[in-house]
Structure formats: C-alpha cells, structure tokens
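Trainee: I have a new model to read. Can we go through it feature by feature?

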Amino acid sequence: MKAASHHPRNSRAGPGSVRIIGGQLRGSKLRVPDVPGLRPTPDRVRETLFNWLGQDLRGLRCLDLYAGSGALGLEAASRAAERVDMVERHAALARALAETAQRLGADAVRVHTGDALAFAAVQAAGSYDVVFVDPPFAQAGAHERALAQTARVLAPHGRVYLEAPDAASLQRWAAAGWEVLRSARAGQVHYALLRRDAGAAPPLDSGLDSNPRPGDRPSGPERQALSDKP
C-alpha cells in the first residue's frame with residue numbers, strides 16, 4: 001500500500017488501477033498513481049477482511065491510517081460506513097484519494113494529508129469502531145506506535161486490521177493487550193483482525209462479523225455499542 005521508499009515489500013511499480021470489490025461502489029475503479037512500489041491491499045485480502053468485519057458497516061466510524069491507494073478505506077465507505085478518515089502523508093497520493101472520493105460520491109470519506117500518528121494523537125478517545133493499520137514495514141517501531149495510538153482512539157468493542165511481513169511479527173505486534181480474532185496469509189502478506197480487552201467483549205460472532213441484510217440496521221448489544229457515538 002505504500003511507496004517503495006517507505007515500504008520495501010512492494011516490488012511492483014507504476015500506474016494502474018484496482019476495483020472496489022463490494023458494497024454500493026462495487027466495480028468502481030480506483031486509480032493507482034505512478035509512485036514506485038505502490039500496491040493496494042490485494043483483492044483476496046480485502047474480500048477476507050470484509051467477510052470478517054461484515055459486509056454492512058452501517059453506523060461505524062473508520063480510520064484508515066497510512067491509506068496509500070485508499071483501497072481499504074473506500075471499501076469501508078462502499079459498505080455504508082458512517083465516517084471514513086483516511087490519512088496519507090504522500091501529497092500526490094492524498095490528492096488522488098480526495099479526487100477519487102469526490103468522483104465516486106463517497107461523502108463519508110475525509111482525506112487528511114500528514115503523519116498518521118500525529119493525526120491519531122489529536123483524535124478523541126473512542127472515536128473509531130474500525131481502524132486499518134498498515135505502516136511501512138521498514139520503519140522501526142511503527143506498528144507498535146500505531147497500535148498504541150489505536151488503542152486510545154478505538155471504541156470499546158472496536159476492531160483493528162493489521163498487516164505484517166511475517167507471522168512472527170504479526171504475533172509480536174499484536175501482543176500486549178490485543179487478541180488476534182482472525183488471521184490469514186495471502187502470498188507474502190500476513191494479516192489479522194484484533195480487538196482490545198477481549199475478556200470484556202462479547203463473542204465475535206455476535207457482532208462485527210455478522211452480515212445483516214442490506215437496509216437492515218444491525219442489532220445486538222455489541223453492534224449497538226459500536227454504533228453509539230461518544
């Protein structure tokens with residue numbers, strides 16, 4: 001998802017496009033700017049992630065840190081998320097994200113140009129129900145710092161998506177108060193869904209990975225808590 005100068009795992013370079021795979025904007029094309037090494041989260045990974053989270057994110061507030069191509073945040077917006085804040089420090093990528101959101105009529109999306117951790121640091125506690133975390137792998141300590149900020153801004157029953165270069169890193173970064181609810185691998189990408197303070201949270205299958213019918217407002221104690229505003 002990042003430029004090669006910040007994200008060495010990516011070998012592909014050059015312009016291109018990907019498509020949103022689900023929700024109201026399904027099939028819409030996302031332009032990938034000509035930034036060396038930039039690659040969106042693969043279709044297969046996004047499909048699995050939104051099967052875990054549920055295909056209807058109605059009423060949920062999402063934060064896409066290190067947004068890159070914006071594939072994750074725009075997938076959330078496509079699934080009726082109430083608000084999607086996307087943070088990208090690369091100015092050209094941020095401009096492309098803003099243009100794409102406007103073109104698609106994704107009114108829930110707000111693009112912020114700047115440092116992801118600085119943005120998270122000034123957000124109110126409990127501001128988000130879903131946070132996507134995929135910082136540059138080469139940046140020492142980036143995942144730990146991102147998860148520390150995420151723990152503060154995440155709502156009590158919120159979920160975190162995390163990508164890692166290998167299984168050992170995934171387990172290490174997910175330690176210290178996080179529970180790995182789901183994890184998988186697609187090629188060289190290891191990824192997981194986490195929650196904070198798992199002992200106090202209801203079972204996962206009563207909340208976010210349910211799939212309500214389109215138009216139905218999610219029900220159940222956990223989903224209600226996720227929909228409540230601070």
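Predicted model: local features only at pLDDT ≥ 70, side-chain atom pairs only at ≥ 80, totals over all residues.

Trainee: How many helices and strands does the chain have?

Mentor: Seven helices and nine strands.

Trainee: Which residues of α3 are buried?

Mentor: First the term. Buried means under 20% relative accessible area, exposed over 50%, and partly exposed in between (1.4 Å probe, protein chains only). In α3, the buried residues are L93, A94, A96, L97, T100, A101 and L104. They cover an arc of only 160° around the axis, so they sit on the same side of α3. That arc is taken from the directions from the helix axis to the C-beta atoms. On the other side of α3, R95, Q102 and R103 are exposed.

Trainee: What covers the buried residues of α3?

Mentor: Contact means heavy atoms within 4.5 Å. The cover includes β2, α2, β4 and β5 (109-113).

Trainee: Which residues have the most contacts inside the largest nonpolar core?

Mentor: A nonpolar core is a set of buried Ala, Val, Leu, Ile, Met, Phe, Trp, Tyr and Cys residues joined through side-chain atoms within 4.5 Å. The largest here has 34 residues, and L49 and F132 have the most contacts inside it. Among the elements that give two or more residues to this core are α1 (43-53), α3 (91-104) and β6 (128-133). A second, separate core of 23 residues includes A164, A174, W178 and A192.

Trainee: How many aromatic pairs does the structure hold?

Mentor: Rings of Phe, Tyr and Trp (its six-membered ring) pair if their centres lie within 6.5 Å; planes under 30 degrees apart count as stacked, over 60 as edge-to-face and the rest as tilted. The structure holds four such pairs. F132 and Y161 are edge-to-face, at 6.4 Å centre to centre and 65° between the planes. F132 lies in β6 and Y161 in β7 (residues 154-164), so this pair ties together parts 29 residues apart in sequence.

Trainee: Is F132 buried or exposed?

Mentor: Buried, with a relative accessible area of 1%.

Key: Residues numbered from 1 in each chain as written. Heavy atoms only, no water. Helix = DSSP H or I, 4+ residues; strand = E, 2+ residues; numbered from the N terminus.
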